[in-house]
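I opened a new page for this protein today. My plan was to look up a few residues, then step back to the whole chain.

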Amino acid sequence: QLQLVESGGELVQPGGSLRLSCSASGFTLGYYAIGWFRQAPGKEREGVSCLSSSGSTTKYADSVKGRFTISRDNAKNTVYLQMNSLKPEDTAVYYCAAARSGYYSTWCPRWSEYNYWGQGTQVTVSS
């Protein structure tokens, strides 16, 4: 059974850093792209970052470019989202999601194609 579990969210001051983890089980990352999404109160869910199933291609929303970095550890079947220079507007529930793609493909699926989801982890940026 495919399962995704996020962790690492917490309260952090503006300008601070956090690293979110997405632990995957029941499938191999080499067949799935992983995306990070977030949803702030009263707002729609938005795509934040993607890592292709090959691990060679990344994509970022304009609002996080230069501040967030997505990566993975194949041995741990885990994808990370390193978040630096955090701003209050980054406050949201962060979700990781998986989308089936070709084995070791080099593209990121459309945000709408992700259909396996974790339960989310809360990130709050506030002084």
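This is a predicted model: local features need pLDDT of at least 70, side-chain atom pairs count only at pLDDT 80 or more; totals for chains, interfaces and linings use all residues.

**Entry 1: Y103**

Is Y103 buried or exposed? Y103 counts as exposed, because its relative accessibility is 54% and the cut-off for exposed is over 50%. I then checked where Y103 sits. Its place is in the loop between β9 (92-100) and β10 (116-117). I also looked for surface patches. Y103 makes a nonpolar surface patch together with Y31 and Y104. I noted its area as about 330 Å².

**Entry 2: S54**

Next I went to S54. I found S54 in the loop between β5 (46-51) and β6 (58-60). S54 counts as buried, because its relative accessibility is 16% and buried means under 20%. Which residues does S54 touch, leaving aside neighbours within four places in sequence? I listed R72, Y104, S105 and T106. Y104 was already in my notes, as one of the residues of the nonpolar patch.

I then looked up the polar atoms. The side chain of S54 makes a polar contact with the side chain of S56, at 2.6 Å. A polar atom of the S54 side chain also lies 2.9 Å from the backbone oxygen of S105. Last, I checked S54 against Y32. They are 22 residues apart along the chain, and 8.6 Å separates their C-alpha atoms.

**Entry 3: T91**

T91 came next. I placed T91 in the loop between β8 (78-83) and β9. Which backbone atoms lie 2.9 Å from a polar atom of the T91 side chain? I noted the backbone oxygen of P88 and the backbone nitrogen of V125. I also wrote down what T91 touches, not counting residues up to four places away in sequence. The list is A40, Q122, V123, T124 and V125.

**Entry 4: the whole chain**

Then I stepped back. How many helices and strands does the protein have? I counted zero helices and eleven strands. The radius of gyration is 14 Å, close to the 14 Å from the globule rule for 127 residues, so the protein is as compact as a globular protein of that length. Along its principal axes, the C-alpha trace spans about 45 × 30 × 25 Å.

I looked up burial too. Of the 127 residues, 48% count as buried. The accessible surface comes to about 6,400 Å². Carbon and sulfur atoms hold 44% of that surface. Finally, I took the contacts between residues at least 6 apart in sequence. Of these, 62% join residues at least 24 apart.

Notes:
Residues are numbered from 1 along each chain as its sequence is written. Side-chain values use heavy atoms; hydrogens and water are left out. Patches are made of residues with over 30% relative accessible area and no salt bridge: like charges are joined within 9 Å, nonpolar side chains (Val, Leu, Ile, Met, Phe, Trp, Tyr) within 5 Å. Accessible areas come from the Shrake-Rupley method with a 1.4 Å probe; for residues, only the protein chains shown count as cover. A salt bridge is a side-chain nitrogen of Lys or Arg within 4 Å of a carboxyl oxygen of Asp or Glu. Helices (H or I, at least four residues) and strands (E, at least two) are DSSP runs, numbered from the N terminus. Buried means under 20% relative accessible area, exposed over 50%, partly exposed in between (1.4 Å probe, protein chains only). A polar contact is a pair of N or O atoms within 3.5 Å; within protein, one must be able to donate a hydrogen and the other to accept it, and residues adjacent in sequence count only if both atoms are side-chain atoms. Contact means heavy atoms within 4.5 Å. The radius of gyration is taken over C-alpha atoms; the globule rule is 2.2 Å times the number of residues to the power 0.38.
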